[in-house]
Structure formats: structure tokens, C-alpha cells
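Please consult the sequence and the structure shown below alongside the text.

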Amino acid sequence: MSPVFSAPPFPSDPTPDGASPGALPCPAATDRVVLRLWRASDLPAFARLNADPEVMRYFPTTLDRAQSDAVAERLQRHFDTHGYGPWALEIPGVTPFAGFVGLMRVGYDVPFAPAVEIGWRLARPFWGAGYATEAARSVTQFAFGALGLPGLVSFTVPANARSRAVMTRIGMQHCVGEDFMHPLVPPGHRLRRHVLYRLAASATGPSE
């Protein structure tokens with residue numbers, strides 16, 4: 001996922017349901033995962049996630065604490081501007097913060113823009129258990145239901161098999177003819193080429 005706070009930017013004393021007063025709706029919880037607004041207490045765990053070379057394998061670089069906090073600030077600004085964004089992922093009984101899953105408007109010059117991206121980034125201990133897929137399905141239902149979006153995109157480098165598997169499991173289709181060179185990655189960089197996946201609201205059918 002690519003890349004003025006409300007006051008306070010991250011609630012430090014959330015209401016019991018995990019939301020701050022006056023918060024916009026979040027995607028529905030499932031049997032195993034909760035998607036919620038961010039809290040100040042999430043930032044250290046987010047920084048550890050962003051400093052992990054394996055988590056950041058398909059990004060140009062790992063992030064230090066200041067860089068990680070700056071990313072969190074951009075995510076919060078997206079919520080402030082659009083009313084949705086990459087929600088914090090909580091796994092009740094396991095961890096209060098596993099990473100994020102959510103939505104971002106594509107804000108740079110690519111042929112498929114304007115578009116809304118669905119994306120995720122989880123800490124390594126929570127890989128392989130289906131949390132990203134379960135949360136992403138909840139997000140797609142929210143995107144096509146509450147938000148009324150006509151479709152979503154997702155993208156990554158060709159080698160990122162884990163992320164591409166999540167895209168496939170939530171019903172996205174690889175649009176081979178729309179693969180692209182990411183404009184924020186320098187020419188010649190090994191991670192510049194990206195594959196594009198799409199999911200149309202009309203393809204999901206009625207929610208169960």
C-alpha cells in the first residue's frame with residue numbers, strides 16, 4: 001500500500017468498542033478479527049512491523065520509528081479526509097494490534113486511477129492463519145455496501161505470492177494487461193513492476 005490530524009490524532013482512551021467518540025463506522029467484526037480505528041498504543045507495534053525485513057521484503061526499504069510514525073500519520077489523514085482508510089487489525093484474545101487491512105485512494109499517476117485500493121500489512125507472527133483474508137472480505141463488504149464503491153484494485157510485485165494469494169481468495173482477478181511500473185519506485189529498481197488485480201462490486205453477489 002502506497003502513501004491537520006483530528007484532535008487527538010490517535011485516541012489514547014477509546015470507548016469500549018475500540019472507537020473514538022464520533023468515529024465513522026468500521027467494517028463488521030468477524031468470528032476472529034476486529035477492524036477498528038487506530039490508537040496511540042498501536043504505534044510501537046506498527047514500528048516493529050515496519051522494521052522487520054521479511055514483512056518489508058517487497059517494499060523498497062524497512063522503516064525506522066520516525067518513518068513508521070509518519071506513515072501512520074498519513075493513514076490517519078486519509079481517514080480524516082475520506083472517512084475510511086486502512087483500519088487497525090485486532091485479533092481478540094491474541095493481540096490488540098496485528099497490522100492493518102483497509103482502503104486507500106490511489107493518489108499518484110497510474111493508468112487505472114482514480115481508484116480505491118484494498119491492502120494489508122500484518123506482522124509475521126500472524127501470517128498463514130487466514131486473518132488477512134478474513135479481514136479483507138469484511139472490508140470488501142463494507143466498501144461495496146456502506147460506501148457504495150463500484151470496484152476495488154490491489155497490486156504488488158509479481159514475486160509477492162502471499163499477498164497475491166489473498167487477492168485471489170477474496171475474489172480478485174489479475175488484469176494482466178494492466179500490470180504497470182510503479183511511479184514511486186525508481187526506474188531500474190527490482191520492485192518497480194507491479195501486477196494489478198481488480199474486484200467489481202457486481203462480481204461479489206449479495207452479502208450473506
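Helix 2 (residues 65-82) has 18 residues and reaches 26 Å from its first C-alpha to its last, close to the 26 Å expected at 1.5 Å a residue; the expected span is 1.5 Å times one less than the number of residues. Helices (H or I, at least four residues) and strands (E, at least two) are DSSP runs, numbered from the N terminus. The model is predicted, with local features requiring pLDDT of at least 70 and side-chain atom pairs counted only at pLDDT 80 or more, while totals for chains, interfaces and linings use all residues. Residues are numbered from 1 along each chain as its sequence is written, and side-chain values use heavy atoms, with hydrogens and water left out.

**Helix 2 and its ends**

- The buried residues of helix 2 are S68, V71, A72, L75, Q76, H78 and F79, where buried means under 20% relative accessible area, exposed over 50%, and partly exposed in between (1.4 Å probe, protein chains only).
- These residues cover an arc of only 150° around the axis, which puts them on the same side of helix 2; the arc is that of the directions from the helix axis to the C-beta atoms.
- The exposed residues A66 and T81 are carried on the face of helix 2 turned away from its buried side.
- Cover for the buried residues of helix 2 includes helix 1 (43-50), strand 2 and strand 3 (95-105), on the basis of contact, meaning heavy atoms within 4.5 Å.
- D64 caps the N-terminal end of helix 2, with a side-chain oxygen 3.2 Å from the backbone nitrogen of A66.
- A polar atom of the D64 side chain also lies 2.8 Å from the backbone nitrogen of Q67.
- D64 belongs to the loop between helix 1 and helix 2 and counts as partly exposed, at 44% relative accessibility.
- D64 and A51 are 13 residues apart in sequence, and their C-alpha atoms are 6.2 Å apart in space.
- Just after helix 2, G83 adopts a positive phi of about 85°.

**Overall architecture**

- The protein chain contains four helices and eight strands, which run β-α-α-β-β-β-α-β-α-β-β-β from the N terminus on.
- Of the 208 residues in the protein chain, 48% are buried.
- The accessible surface of the protein chain is about 10,300 Å², and 54% of this belongs to carbon and sulfur atoms; accessible areas come from the Shrake-Rupley method with a 1.4 Å probe, and for residues only the protein chains shown count as cover.

**Helix 1**

- Helix 1 is largely enclosed by the rest of the structure, because six of its eight residues are buried.
- Those buried residues are L43, A45, F46, A47, L49 and N50.
- Helix 2, strand 3 and strand 4 are among the elements that cover them.

**Polar contacts of R36**

- R36 lies in strand 1 (residues 34-36) and is buried, with a relative accessible area of 2%.
- The side chains of R36 and E90 are joined by a polar contact of 2.7 Å; a polar contact is a pair of N or O atoms within 3.5 Å, where within protein one must be able to donate a hydrogen and the other to accept it, and residues adjacent in sequence count only if both atoms are side-chain atoms.
- A further polar contact, of 2.9 Å, joins the side chains of R36 and D42.
- E90 is located in strand 2 (residues 86-91) and counts as buried at 18% relative accessibility.
- Leaving aside neighbours within four places in sequence, E90 is in contact with R32, V33, V34, R36, R39, T95 and P96.

**Aromatic pairs**

- The count of aromatic pairs comes to ten; rings of Phe, Tyr and Trp (its six-membered ring) pair if their centres lie within 6.5 Å, and planes under 30 degrees apart count as stacked, over 60 as edge-to-face and the rest as tilted.
- F112 and F155 form a tilted pair, 5.7 Å centre to centre with 50° between the planes.
- F112 lies in the loop between strand 3 and strand 4 (116-122) and F155 in strand 5 (residues 151-156), so the pair ties together parts that are 43 residues apart in sequence.
- F112 and F155 are both buried.
- One aromatic cluster is formed by W38, F46, F97 and F100.

**Helix 4**

- In helix 4 (residues 161-169), the buried residues are S163, R164, V166 and M167.
- Seen down the axis of helix 4, these fall within an arc of 155°, so they line one face of the helix.
- A161 and R162 are exposed on the other side of helix 4.
- G171 follows helix 4 and has a positive phi, near 95°.
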